[in-house]
Amino acid sequence: MSVIEKDRRDADDADDADDAEGSDNFGRATPTEELLYGVIRRLWPLHRTVVRAVERELAGTGLTAGEHALLDALRIEGPRTVPQLARTMGLDRQPVQRWVNHAAELGLVVTAPNPAHRRSSLIELTAEGTKVIRGIQDFEAAELRQRLADLPAADVRTALHVLDRIGEEFHHLASGPSDPATASDTHRTPARRDSPGIRETGDIKDDPDTLGGRRAPRKGRS
């Protein structure tokens with residue numbers, strides 16, 4: 001039995017239980033909570049699997065998974081500053097700055113004047129950068145069509161909605177006070193992710209298990 005099938009069976013079993021014995025009785029989770037736990041448990045291993053798949057796809061290009069995400073963000077959002085890119089990607093500025101520097105060395109991005117702030121340049125794709133990310137994503141789209149053709153668009157939209165809601169709430173949890181007694185104030189006073197003390201450049205080592213933390217091996221695509 002797969003993990004997904006087990007979660008479905010457990011949720012069905014929970015549906016048959018007395019509602020009075022839900023999360024308010026001895027800490028038992030409700031059926032919806034059990035399903036949410038199932039989603040959350042999958043996120044980290046899924047993330048690592050996606051990173052490994054992207055690294056395999058990028059073999060020989062000299063790009064990391066993080067730089068792939070950077071080029072994609074610029075393709076979708078248009079020219080952005082490093083702090084803006086960091087916020088879009090939900091990361092600190094230091095790794096994003098390193099990815100920008102390396103992408104610039106490869107001729108995939110350039111800096112451009114920022115009309116809104118003379119001291120903070122915009123990062124934008126070059127013609128070569130646009131060509132590279134489009135080529136990579138054309139390949140990815142073909143793989144998705146082949147491997148996930150059985151997923152209805154409505155299911156994918158529901159998945160996006162659920163992930164967005166989970167992301168919103170965990171962002172509040174991550175940004176709010178660590179004391180459970182004050183957690184109820186999290187929504188009213190979220191902490192800033194980009195404190196003034198963080199500079200656009202730095203030398204903090206990437207976590208090897210996070211997006212872009214490892215460089216793709218320089219060998220031909222398999």
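Here is a friendly walk through some features of this structure, point by point.

1. **Before you start.** This is a predicted model, in which local features need pLDDT of at least 70, side-chain atom pairs count only at pLDDT 80 or more, and totals for chains, interfaces and linings use all residues. Residues are numbered from 1 along each chain as its sequence is written, and side-chain values use heavy atoms, with hydrogens and water left out.

2. On the H3 side, the contact (heavy atoms within 4.5 Å) is made by His68, Leu71, Asp72 and Arg75. H6 brings Ile133, Ile136, Gln137 and Glu140 to it. Helices here are DSSP runs of H or I with at least four residues, numbered from the N terminus.

3. **A glycine in H6.** Stay with helix H6 and look for Gly129. Is Gly129 buried or exposed? Its relative accessible area is 0%, so Gly129 is buried; the cut-offs are under 20% for buried, over 50% for exposed, and partly exposed in between, with a 1.4 Å probe and protein chains only. Leaving aside residues up to four places away in sequence, Gly129 touches Gly107 and Leu108.

4. The whole structure has five salt bridges, each being a side-chain nitrogen of Lys or Arg within 4 Å of a carboxyl oxygen of Asp or Glu. One of them pairs Arg147 with Glu143, whose closest N and O atoms are 2.8 Å apart. Both residues belong to helix H6 and sit four residues apart, about one turn of the helix. Arg147 is exposed at 57% relative accessible area, while Glu143 is partly exposed at 24%.

5. In helix H7, Glu169 and Arg165 are four residues apart, so about one helical turn separates them. Salt bridges with shared partners join Arg165, Glu168 and Glu169 into one network. Between Glu169 and Arg165, the N to O distance is 3.0 Å. Glu169 is partly exposed, at 30% relative accessibility, and Arg165 is partly exposed too, at 40%.

6. **Another charged pair.** The side chains of Glu77 and Arg80 also form a salt bridge, at 3.4 Å from N to O. Glu77 is partly exposed at 35%, as is Arg80 at 25%.

7. **A nonpolar patch.** Finally, which residues make the nonpolar surface patch of about 490 Å²? They are Leu36, Ile40, Leu43, Leu163, Phe170 and Leu173. Patch residues have over 30% relative accessible area and no salt bridge, with nonpolar side chains (Val, Leu, Ile, Met, Phe, Trp, Tyr) joined within 5 Å and like charges within 9 Å. Helix H2 (31–57) and helix H7 (153–175) each supply at least two of the patch residues. Leu173 lies in helix H7 and is exposed, with a relative accessible area of 56%.

Definitions and conventions. Areas by Shrake-Rupley, 256 points an atom, 1.4 Å probe, with all protein chains shown as cover.
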